[in-house]
Amino acid sequence: MPIHLECISHTPLHGYFDPADDVVSEVKRIQEQARERVRAFDPELVVLFAPDHFNGFFYDVMPQFCIGAAATAIGDFKSLAGTLPVPSATAHALTEDVLASDVDVALSYRMQVDHGFAYALEVLTGGLDVYPVVPVFINCVAPPMATLRRARLMGDAIGRHFAQTDKRVLVVGSGGISHEPPVPELIGASEEVAERLIAGRNPSPESRAARQARTVAAAKAFTSGESHMHPLNPQWDRAFLELLASGHLSALDLIDNDTITREGGKSAHEIRTWVAAFAALAAYGEYRASVNYYRAIPEWIAGFAAMHAAPRKTLAAAA
């Protein structure tokens, strides 16, 4: 029942609007180190917690949590596109077990995922199909949203499920910390935008290009100080990372959604992916975690971070 955790921020802006070369290089170095740890662990299964940005999940029916029994990456921005190698029977059995733990989770046999999933797989494994993967969507941008406590309980249920197996499981959390890029909102939206957020029509190439251009323009304005978007909050980000490293995950239950928005911005709700991943790891017992990287990167509109962790007993045996 070996398990290893990697959590990493993602950005759709890499290659579109980058920070200084030395910052890009240090991020690349941290990512290469993470990939080497994954290669050494050689997982038999990846469980990937990630959000969506109105590319695969919409307000026609917006689940808070959804496990994919089949999934395709759409290839937005410069992320990889293609079919994820999802073991459907494993995903189905996992969903049944999570529901038996009194955590409501949906199941999809036609999940569409965007850069939130694809970026992490490319960075950590080198592609979409290197290892079997079970994608777990967490709603992080479409109010109303479940609490951090619910995300923790969902992650715990998933961890307890795999702790009963002998699989080497890599658990991944993919999400930014403080950040507020220009993600559309339903409340106050025009009729056209509201219809897209509800009906979920796949955008045309022209529409997708226009959306990407708006995101790049927003990043440039944010970096130059000409934006009203929520500022990055390194102090809050570091406190969150330290709390994860401490192992006191139940303390996260006290952080309500309004606080997340106020302190970190509207997209800081992506910290749910990290919470769920750490809860899955904690189901195996006490762990030791390292904060490998943190930097506020305005060009990417992100508090950008990376952590890894493993059970203490595994580390003791290795020593």
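**Reading strands, site residues and core**

Reader: How many bridges join strand β4 to strand β7 (residues 111-113), and do the two run parallel or antiparallel?

Author: Two strands count as paired if DSSP finds at least two bridges between them. Here β4 and β7 are joined by three bridges and run parallel. The bridge partner of T72 in β7 is Q112. The model is predicted, so local features need pLDDT of at least 70 and side-chain atom pairs pLDDT 80 or more, whereas totals for chains, interfaces and linings use all residues. Residues are numbered from 1 along each chain as its sequence is written, and side-chain values use heavy atoms, with hydrogens and water left out.

Reader: In which sense do β4 and β5 (residues 81-84) pair?

Author: Strands are DSSP runs of E, at least two residues, and helices runs of H or I, at least four, numbered from the N terminus. β4 and β5 pair in the antiparallel sense, over four bridges. T72 has T83 as its bridge partner in β5. The two strands form a hairpin with six residues between them, and G75 in that turn has a positive phi of about 80°.

Reader: Which residues make up the covered face of β4?

Author: A71 and A73 lie on the covered face of β4 (residues 71-74), while T72 and I74 lie on the uncovered one.

Reader: Which residues does UniProt list for "active site"?

Author: The unreviewed UniProt entry lists H115 and H179; such annotations may be inferred rather than shown by experiment. H115 is in helix α3 (residues 115-125), and H179 is in the loop between β9 (169-174) and α5 (191-199).

Reader: Is H115 buried or exposed?

Author: Buried means under 20% relative accessible area, exposed over 50%, partly exposed in between, with a 1.4 Å probe and protein chains only. H115 counts as buried because its relative accessible area is 6%. H179 is buried too, at 7%.

Reader: What does H115 touch?

Author: Contact means heavy atoms within 4.5 Å. Not counting residues up to four places away in sequence, H115 touches H10, P12, H53, D76, F77, S79 and A120. With that exclusion, residues touched by H179 include L232, K266, E270 and I301.

Reader: Which residues touch the most other members of the largest nonpolar core?

Author: A nonpolar core joins buried Ala, Val, Leu, Ile, Met, Phe, Trp, Tyr and Cys residues through side-chain atoms within 4.5 Å. Of the 109 residues in the largest one, F49, M154 and F278 touch the most other members. Helix α9 (residues 271-282) gives this core its largest share, nine residues. Leaving aside neighbours within four places in sequence, F278 is in contact with residues including L5, C7, Y287 and M307.
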